Amino acid sequence: MRIRPFVDGDDLKLNTILGDPQNPAAHMARSLFRADADAPVSRAVVAEAADDVLVGAAAVAQSPAHPTRAWAHVEVASTDERRGVGSALLSAAREAVVGTDLEGLPLRARVEPGTPGAQAAAAWGFSPLFRTRVVRIEAAGLGGLGADRLEDFEVTATGSVALTQAFGSWYAGVNRADRPAEMTIGQVNQRFLSEATGAHGAALMGRDGQITAFAVSFPAIDDGEDGATELTVGAVYDGSADGDAGEAVSADSPEFQAALEDTGALIARLSTDTPVVVEVTDEMPVLSTLIDGLVEAGKARVLYEYDTVATS
């Protein structure tokens, strides 16, 4: 076996031996297998068997939104797992970033719980940061919740300053385990809310003149059924100090219950006629509680989940 830099055409060869990515998160991780780049920095390597057939790949890439760690991704053909290929690939990818801004940075990766990839990551020194669930909420799953609060609901543009400020504060709060870069309003909008990201609509829920929850919509995704609109949903409480997962969060507190009601009312308004898909992590206590209740009631189901893991 030899390890060499990724070249054009290797992506097609890798898809042949690795199979198609099973979900959008896996597809995004696979996209790190690409030709070297310097802005942002990205390096990828592949492993070839003696007959020039690829057996795996690894990549390390810069993450402008989370500059204290670099993204890493390793995949190996199932027939070559547990033979040290993945470990050799990761070492080679780390070596490839020597002399760049990524040299010496801790790494982060996404792994599916209970898989050989997760076991390998643990053996390489990666520890869990948080778990993400991608959940489909059925149309009208929240009934008429919030129907009597029309004055608190507002449709807004994705370029709205109020939305962008709320999103930026929330994003920083719910990513405490993987601290993001300090971002200007313009950077927040460009990275998460601009037309280039696919964002095409947004809505706010408020209480006493303050934004308490927001949702940003993306095009309907093909989930093999009738399609569902993808939403990024944020409960402002989850991004606040009171919502810090490192502190005691009382689900019985008036603040928590108000946030739960407002977030549910917002999702209810946006899923009256169509199912929606929402991503929720362990760092989001309000949204997690809401989703747990819907799953238990049979109004929502988990499509897939993954762990974000990191080295120290």
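Visitor: Is T100 buried or exposed?

Guide: Buried means under 20% relative accessible area. In this predicted model, T100 has a relative accessible area of 18%, so T100 is buried. T100 sits in the loop between α3 (85–96) and β6 (107–111).

Visitor: Which residues does T100 touch, not counting residues up to four places away in sequence?

Guide: With those left out, T100 touches V41 and R43.

Visitor: How many aromatic pairs are there?

Guide: The count comes to seven aromatic pairs. One of them is F167 with Y171, which is stacked, at 6.2 Å centre to centre and 10° between the planes. F167 and Y171 are both in helix α5 (residues 161–174), four residues apart, about one turn of the helix. Both F167 and Y171 are buried.

Visitor: Why is the pair of W170 and F214 edge-to-face?

Guide: Planes over 60 degrees apart count as edge-to-face. The planes of W170 and F214 are at 90°, with ring centres 5.3 Å apart, so this pair is edge-to-face. The pair links distant parts of the chain, as W170 is in helix α5 and F214 in strand β10 (residues 210–221), 44 residues apart. W170 and F214 are both buried.

Visitor: Which residues do ring pairs link into a cluster?

Guide: The cluster consists of F167, W170, Y171, F192 and F214.

Visitor: Which residue lies over the face of W71?

Guide: That is R108, at 4.8 Å from the ring centre. Likewise, R269 lies over the face of F153, at 4.2 Å from the ring centre.

Conventions. Residues numbered from 1 in each chain as written. Predicted model: local features only at pLDDT ≥ 70, side-chain atom pairs only at ≥ 80, totals over all residues. Heavy atoms only, no water. Helix = DSSP H or I, 4+ residues; strand = E, 2+ residues; numbered from the N terminus. Buried < 20%, exposed > 50% of the residue type's maximum accessible area, 1.4 Å probe, protein only. Contact = heavy atoms within 4.5 Å. Phe/Tyr/Trp six-rings, centres within 6.5 Å; stacked < 30°, edge-to-face > 60°. Lys NZ or Arg CZ within 6 Å of the ring centre and 35° of its normal.
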